[in-house]
Amino acid sequence: MSSVTGKNIKLSVFGESHGEAIGCVIDGLPAGIKLDEERIKRDMARRAPGKDLTSTPRLEKDIPHILSGVLNGVTTGAPLAMIIENENVKSSDYENLALVPRPSHSDYPAFVKYGGNNDIRGGGHFSGRLTAPLVFAGAVAKEALRAKGITVGAHIKSIGSVKDDCFDYNNITGQEIEELSLKAFSLLNSEKEIKMREEIEKYRADGNSIGGEIECAAIGVPAGFGGNMFDTVEGRLSQLLFGIPAVKGVEFGLGFGFAEANGADVNDGYEIRNGAVSLLSNNNGGVLGGITSGAPIVLSVAIKPTPSIGREQSSVNLKTLQNEKLIIKGRHDPCIVPRAVPVVEAAVAIGLLDIISE
């Protein structure tokens with residue numbers, strides 16, 4: 001398994017959903033980054049399960065225990081190692097899945113690749129539980145970026161058919177992002193929360209699940225970072241974003257909207273503003289030729305519906321090679337989107353810190 005990412009700031013994530021602990025090691029962090037404990041706790045709490053009916057009832061405190069690399073709240077330059085103990089596990093819920101793979105999960109391809117030796121409990125190392133150490137690493141990266149004047153934030157763009165307002169690509173403020181980070185249900189238009197919760201509840205009550213989108217922005221990133229072809233900002237951020245379970249699509253700026261547009265309408269022109277080169281629009285989401293343009297980086301990710309649902313589904317028995325019906329036990333999110341917001345922020349923050357550290 002490949003659970004290491006980064007060129008300059010290397011991140012390794014380890015553990016399984018129902019193992020003793022999960023955690024991460026961050027190598028390459030510069031010394032002297034002051035960690036804001038309250039901000040880190042806040043991000044961890046935004047991702048943590050068990051808060052309401054929009055998430056899994058599995059209750060985990062998700063308290064990070066730093067083993068090395070930090071002294072008196074400041075990074076030392078040594079590898080930063082952290083663990084989170086798994087406390088509320090029910091491995092018996094997964095006993096019937098060893099030979100009957102869950103539809104739209106990693107179970108079958110992982111069974112083939114690892115000869116049946118993969119940990120199936122809660123998805124093992126493929127589980128969304130592994131996003132907890134990712135959020136911790138992202139919170140650390142945010143502190144390093146904040147010291148350089150870069151801020152990262154995200155919101156729920158849509159859940160099912162219910163849509164939030166979108167960022168103004170070329171005019172995003174730090175206050176706007178800071179306000180989002182204070183919300184457990186991150187929306188630009190708070191009036192949409194009731195309808196989104198109703199949408200989730202409709203599917204939860206029916207033993208089903210629903211997907212959605214998350215929009216993320218980074219402001220304060222100077223022009224000139226990244227590279228062309230196989231070293232693009234889009235490519236490097238997308239690699240991290242696709243490491244998040246359930247992410248099935250990533251687009252920057254207008255993304256697939258470019259396919260039905262014409263150049264005159266969507267080209268990003270330039271002007272001199274306050275003595276500096278600025279963009280008149282930001283349809284490309286802050287990246288041109290794979291290199292940051294100086295405008296806000298804006299991207300969206302598509303989150304698929306939780307595959308573990310309460311309905312009977314079609315599967316097979318890998319031992320008997322017979323068709324079999326499967327009812328999945330366990331505790332699962334009817335919608336992953338609200339808890340995935342800080343995870344998307346974390347992936348973008350880690351990727352940007354790696355990019356600007358060259």
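In this predicted model, strand 17, which spans residues 313–317, has one covered face and one uncovered face. The covered face carries Gln313, Ser315 and Asn317, while Ser314 and Val316 lie on the uncovered one.

- Strand 17 pairs with strand 18 (residues 322–326) in the antiparallel sense, and five bridges connect the two.
- Val316, on the uncovered face of strand 17, has Asn323 of strand 18 as its bridge partner.
- Four residues stand between the strands of this hairpin, and Leu321 adopts a positive phi near 55 degrees there.

- An open, antiparallel sheet is built from five strands in the order 1-2-3-7-4.
- Its edges are strand 1 (4–5) and strand 4 (65–68), each of which pairs on one side only.
- Helix 3 (residues 131–146) packs on this sheet and touches strand 2, strand 3 (21–27), strand 4 and strand 7 (80–85).
- The direction of helix 3 makes about 30 degrees with that of strand 3.
- Strand 1 is joined to strand 2 (residues 10–15) by two bridges in the antiparallel sense, and Thr5 has Leu11 in strand 2 as its bridge partner.

- The model contains 25 salt bridges in total.
- One of them links Glu178 with Arg39, with the closest N and O atoms 3.4 Å apart.
- Because Glu178 belongs to helix 4 (residues 174–181) and Arg39 to helix 1 (residues 37–47), this pair ties together parts that are 139 residues apart in sequence.
- Glu178 also meets Arg42 in a salt bridge, at 3.5 Å from N to O.
- This second pair likewise links distant parts of the chain, since Arg42 is in helix 1 and Glu178 in helix 4, 136 residues apart.
- Relative accessible areas are 25% for Glu178, 21% for Arg39 and 24% for Arg42; Glu178 is partly exposed, as are Arg39 and Arg42.

- The side chains of Arg236 and Glu358 form a salt bridge with an N to O distance of 2.5 Å.
- Arg236 lies in helix 6 (residues 233–241) and Glu358 in the segment after helix 8 (337–356), so their pairing ties together parts 122 residues apart in sequence.
- Arg236 counts as buried at 12% relative accessibility, whereas Glu358 counts as partly exposed at 48%.
- Both residues belong to a network of salt bridges that also includes Lys7, Asp231 and Asp354.

Note on methods. Residues are numbered from 1 along each chain as its sequence is written. This is a predicted model: local features need pLDDT of at least 70, side-chain atom pairs count only at pLDDT 80 or more; totals for chains, interfaces and linings use all residues. Side-chain values use heavy atoms; hydrogens and water are left out. Buried means under 20% relative accessible area, exposed over 50%, partly exposed in between (1.4 Å probe, protein chains only). Two strands pair if DSSP finds at least two bridges between them. Contact means heavy atoms within 4.5 Å. Axes are lines fitted to C-alpha atoms, for helices over the stretch in contact, and angles run from 0 to 180 degrees between N-to-C directions. A salt bridge is a side-chain nitrogen of Lys or Arg within 4 Å of a carboxyl oxygen of Asp or Glu.
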